[in-house]
Amino acid sequence: MRKNEYTSLEEFTSQYVGEWGPSDGHWFGLDFEYKGEEYRLHTWNMYADEKDALFGLHHRKKEACKGEHQYELLGKYDSMDELLESRVIGSRPFREVIMDDDTVLLGQD
């Protein structure tokens, strides 16, 4: 049984390109679960106001010490194509991870 709500790669990518604004169907970030681990795709830099990359892919830490960030950065990408080809989650291209039947979308903001 398919858990993933995305029905096509285009459906995913269309939400993260162009001008961002949830009211326009575009989002700043996506929380998702893959193989029991939580991840976050975030536009720009998640922990600073710097725009050093267009996308950041993060892994949620099981436990964070007080004052420590909840997520660790896995990779930064200057384009959607770079993001889709990245292999920082289970050595699979991100395009396969985000479309995997068992990937669960947890939330968008």
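Helices (H or I, at least four residues) and strands (E, at least two) are DSSP runs, numbered from the N terminus. This is a predicted model, in which local features need pLDDT of at least 70, side-chain atom pairs count only at pLDDT 80 or more, and totals for chains, interfaces and linings use all residues. Residues are numbered from 1 along each chain as its sequence is written, and side-chain values use heavy atoms, with hydrogens and water left out.

Q: In what order do the elements of the protein chain run from the N terminus on?
A: Let's start with the inventory: the protein chain has three helices and five strands. Read from the N terminus on, the order is α-β-β-β-β-α-α-β.

Q: What is the strand order of the open sheet?
A: Two strands pair if DSSP finds at least two bridges between them. The edge strands, each pairing on one side only, are β4 (71-77) and β5 (104-108). The pairing in this open sheet of five strands is antiparallel, and the order is β4-β3-β2-β1-β5.

Q: Which residue in β2 is the bridge partner of Gly29?
A: Strands β1 (residues 29-34) and β2 (residues 37-43) pair in the antiparallel sense over six bridges. In β2, the partner of Gly29 is His42.

Q: Is His42 buried or exposed?
A: Buried means under 20% relative accessible area, exposed over 50%, and partly exposed in between (1.4 Å probe, protein chains only). His42 sits in strand β2, and its contacts (heavy atoms within 4.5 Å) include Phe28, Leu54 and Phe55, not counting residues up to four places away in sequence. With a relative accessible area of 14%, His42 is buried.

Q: Which side chain makes a polar contact of 3.0 Å with the side chain of His42?
A: A polar contact is a pair of N or O atoms within 3.5 Å; within protein, one must be able to donate a hydrogen and the other to accept it, and residues adjacent in sequence count only if both atoms are side-chain atoms. The side chain that meets this rule with His42 at 3.0 Å belongs to Arg40.

Q: What is the N to O distance in the salt bridge of Asp31 and Arg40?
A: A salt bridge is a side-chain nitrogen of Lys or Arg within 4 Å of a carboxyl oxygen of Asp or Glu. Asp31 is buried at a relative accessible area of 19%, and Arg40 counts as buried at 6%. Their side chains meet with an N to O distance of 3.1 Å.

Q: How many residues apart in sequence are the parts tied together by Arg60 and Glu38?
A: The side chains of Arg60 and Glu38 form a salt bridge (3.9 Å, N to O). Arg60 lies in strand β3 (residues 55-60) and Glu38 in strand β2, so the pair ties together parts whose separation in residues is 22.

Q: Which residues are linked with Arg92 in a network of salt bridges?
A: Arg92 counts as partly exposed at 24% relative accessibility, and its salt bridge with Glu96 has the closest N and O atoms 3.3 Å apart. Asp100, in the loop between α3 (94-99) and β5, has a side chain joined to that of Arg92 by a polar contact of 2.8 Å. The residues linked with Arg92 in the network are Glu96 and Asp100.
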